[in-house]
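Subject: Structure handover

Hello,

Here is the structure I promised to pass on. Please open it next to this email. My notes follow below.

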Amino acid sequence: MRIEAEGVRARLAGREVLKSFAFTAHPGQLTAVIGPNGAGKSTLLRTIAGLLAPDAGTIRIGDRDFAQWPRADLARVLGYLPQDRIVHWPLSARIVVGLGRLPHRSSAAGESREDTAAIDAAMSSMQVAGLEDRPVTSLSGGERARVLLARVLAQQPRILLADEPAAGLDPAQQLALFQHLTRIAADGCTVVVAVHDLSLAARFCHSIVLVHKGAVVAAGSPAEVLTPAHLAATYGIEARYHVIDGVPVVLPVSVLP
Amino acid sequence: MALGTFLALTVAYAQDAAKPQRIVSLDLCTDQILIGLVERRRIAAVTHLAADSAVSATPERAKGLPITHGVAEDVLRYDPDLVLVGPFGVSATVDLLKRLNKNVVLVPQAPDLDGVRASMRAVAAAVGEKDKGEAVIADFDRRLAAVPKPARAGTVSALIYQVGGTVSGPGSLADATLRAAGFHNMAMDYRLTRGGQAPLESLVARPPDLLVLSSGIGEYRTALADNLRHPALQALRRSRVSLELPWQLWLCGTPEVAGAVEVLAAARVAIEARSR
Amino acid sequence: MTAAGADTRMPPSMLLGVLAAVTAASFVLSLLVGPSGFGFGPAGEAGTLIFWEIRLPRAVLGALAGAALGLAGAALQGYLRNPLAEPGLIGVSGGAALGAVLAIHLGLSQAVALALPVGGLAGAAAAMLAVVSLAGMQGGAVTLILAGLAVSAICTALISLALNLSQNPFASVEMVFWLMGSLADRSLTQVWLAAPLILVGLALLLSVGRALDALTLGEDAARSLGVDLSRTRLAIVAGTTLAVGAATAVTGVIGFVGLLVPHVLRPLVGHRPGLLLPVSMLGGATFLLIADVGLRLAQPAVELRIGVLTALIGAPFFVWLVLRTRGELTP
């Protein structure tokens, strides 16, 4: 399912955070949204997820305009993974993953066979099947991140929006997480992630959107977007884009005066 | 002759002058006895309760009298030559007034009919109206003696049921009033709570021959009076003899107690006549 | 049931069934106990009167008030994601008591039969609004509890003021009635007044289970799962106001049930806030019914009001909760 946004403006607590924003993401692709802190990455994702009403502009999800998506229908095709990995109660991992089935369930019904299958599939896909009885609050950061990603997968979304899913994870966990995301995209899902680590974006993402001060500065393939000029203009750094053993790496060298 | 008249007048004047002329009463019960014994001009102030029909048996007689709220400074305003107090709630004020050398007389609460007589005597002595006091007591005793006696005492039972389910047990003036009217006080037969309340259920399970309600159903705007409006109590009142006897009549040891005994005894006679 | 059964120990349907049976048994037990002896009351007309007019209303109100308090506590804790929330603690009960006191003392309850529960509701709604606007819906635990304490204190002060000004000779005893609720000698009249409102409130509160489950993951995630947060907020505020407000208007304030019951039962449902709702409703009803039975058995040797008993059990529990929370907060 395609996401198309055009001329989107949005404000947060009265301040305009997104200014005339254009954005496209395609099924089967992993799209990264990058930009310095406060550039508007989270706001962009929240606007596309329908959590923040835009002041102006159009957002199309699939072949329908945003306004034509009832909240309940949208929840069955669009999964959103917030940046904070909050789980307020010590629920077991399996119950947390099961929360992803809420949009597919009528209010009174228990877990259907379909629900059970989706939960089991999501858990084994994220390799958390062994944690199912553990309270989420007792899991490590990486384990918790995988459980929460499994929760979105159990939702069986056609679009997955993840806000900095790799934040706070160690390098091995970060790599594993992006491999999971790549696989999810390969299954036909439209995956959009906000990323801080430019090398991860360069290595795993099919296309990159660079945001600065609420506007899109550049969009395209990693090589097109991660140029020294763009990085200097947005992050204020001198950076090199290398390919080492076939793996692209963005190396920040110094902070520009 | 003229001298004799003069002497008599002087004595009378001296006696009158010896009587307290600016009397303050700080207790609902002494208020009522006082009003019945002395001329209004000698009463400097009574409590606000004296004119409150919710608690006073003779509110109309207290209308127009000055009111004191009972704190020492307020009392001193009237420069009283006698302060009548009851046993409740004013001990700090009483101590202060005594230290200021005010003439303070404490009138104990009446726990029974003898107590009623004692209260009246105490007030009468303090205000210098002994003779009038004895006359009132004699009238009180005459009324009590005229009340018809039961064939056998304590065969007919009664219960005084109040707001919040409180009942009047032994040692209260209400109990003495019931017994003087020839009743057995049913309160002794229930397992009362420590607060002296009878559960409505006990009342329904073993009802007294006469149910005495101390106030009307609509009288109190309080959630506590819900027990008086309870359907079970209404049903009980339809099936048993009941009467509303204002608690003002037996709240204080005043001559009005005789009136309460008369009303109760009449109800007893009616019950005895019915069961015969 | 697959692995989910491992942490609930019992499938939800069985757990609810068992709890419903326990609640029903407590209800019957409550009908059997009274000062005139064990059983369904003495024979004859007096027995009929005792059963239908005295014991039945007491048992029904005990069950309904307990259900309202337990369920409202679970809903508030789930919505605020805070185990310290409770209708009494956040001022709803105090507001309801104040509303009822005003309805009685201004004489409204004599003019209009429904004035008492409606007054209770209005008071509860006003208190809830005051707390929410003081603390803000997103306010943290401490802000919320402080706001609740402030509003409760204001309500208590206004109740004593109202009783004082009314020159009611029973003001001090009635104050105790409102602050330490009681089920003693309540009548079917009061049941008919309060029950419909309590039932509507319970239904509203039971409807937010899915939303509370989703809210475990935070507000954004909940909305992305299709939860309408403003509808949820409305259902919880209105449901609590109706259920607890109506119950308090006829029983006075019964504290700590809403705090204690969800807390004790939460592990039984694997901490799931949605499933905790019906479980706490049944648990609250059972708790209050059993406490009331114990109270009647102990009387007159021990003279306690139901509100005092729940406070006696609840207050030390609250202290323990505070200590444990402190332990969690300090590393």
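What percentage of the 257 residues in chain A is made up of buried residues? Buried residues make up 44% of them. A residue counts as buried if 20 or more other C-beta atoms lie within 10 Å of its own, exposed if 12 or fewer, and partly exposed in between, with C-beta atoms placed from the backbone.

Some ground rules before the rest. This is a predicted model, in which local features need pLDDT of at least 70, side-chain atom pairs count only at pLDDT 80 or more, and totals for chains, interfaces and linings use all residues. Residues are numbered from 1 along each chain as its sequence is written, while chains are lettered from A and ligands numbered from 1 in the order in which they are written.

Chain A

Chain A has 9 helices and 12 strands. Helices (H or I, at least four residues) and strands (E, at least two) are DSSP runs, numbered from the N terminus. The C-alpha atoms of chain A fill a box of roughly 60 × 40 × 30 Å along the principal axes. The radius of gyration of chain A is 18 Å, which agrees with the value near 18 Å for a compact globule of 257 residues. That radius is taken over C-alpha atoms, and the globule rule is 2.2 Å times the number of residues to the power 0.38.

Now the contacts within chain A. Two residues are in contact if their C-beta atoms, placed from the backbone, lie within 7 Å. Take the contacts in chain A between residues at least 6 apart in sequence: 66% of them join residues at least 24 apart.

Chain C

Chain C has 15 helices and 0 strands. Of its 331 residues, 58% count as buried. Its C-alpha atoms fill a box of roughly 60 × 45 × 35 Å, again along the principal axes. A compact globule with 331 residues would have a radius of gyration near 20 Å; chain C has 20 Å, which agrees. Among chain C contacts between residues at least 6 apart in sequence, 78% join residues at least 24 apart.

How the chains meet

There are 2 pairs of chains that touch, and the pair with the most contacts is chains B and C. Chains A and B do not touch; their nearest C-alpha atoms are 41 Å apart.

Chain A with chain C: the contact takes 26 residues from chain A and 23 residues from chain C. On the chain A side, helix H2 (71-77), strand E6 (78-81) and helix H3 (93-98) are the elements that give two or more residues. H2(A) gives the most, with 3 residues. This side of chain A divides into 15 nonpolar, 5 polar and 6 charged residues.

Inside chain B

The domain assignment gives domain 1 (12-143) and domain 2 (151-275) of chain B. Such bounds come from an automatic or database domain assignment. The C-alpha centres of the two domains of chain B lie 29 Å apart. In the contact, 18 residues of domain 1 meet 16 residues of domain 2. Helix H2 (28-37), helix H6 (113-127) and H7 of chain B each give two or more residues to the domain 1 side. The domain 1 side divides into 11 nonpolar, 5 polar and 2 charged residues.

H7(B) also packs with helix H13 (residues 256-275) of chain B, at an angle of about 5° and with axes 9 Å apart. The two helices are therefore roughly parallel to each other. Axes are lines fitted to C-alpha atoms, for helices over the stretch in contact, and angles run from 0 to 180 degrees between N-to-C directions. Angles under 35 degrees count as roughly parallel, over 145 as roughly antiparallel, 65 to 115 as roughly perpendicular and the rest as oblique. B:Phe140, B:Arg143 and B:Leu144 of H7(B) make the contact with B:Ala258, B:Val261 and B:Glu262 of H13(B).

Best wishes

Terms used:
Ala, Val, Leu, Ile, Met, Phe, Trp, Tyr, Cys and Pro count as nonpolar, Asp, Glu, Lys and Arg as charged, and the others, Gly among them, as polar.
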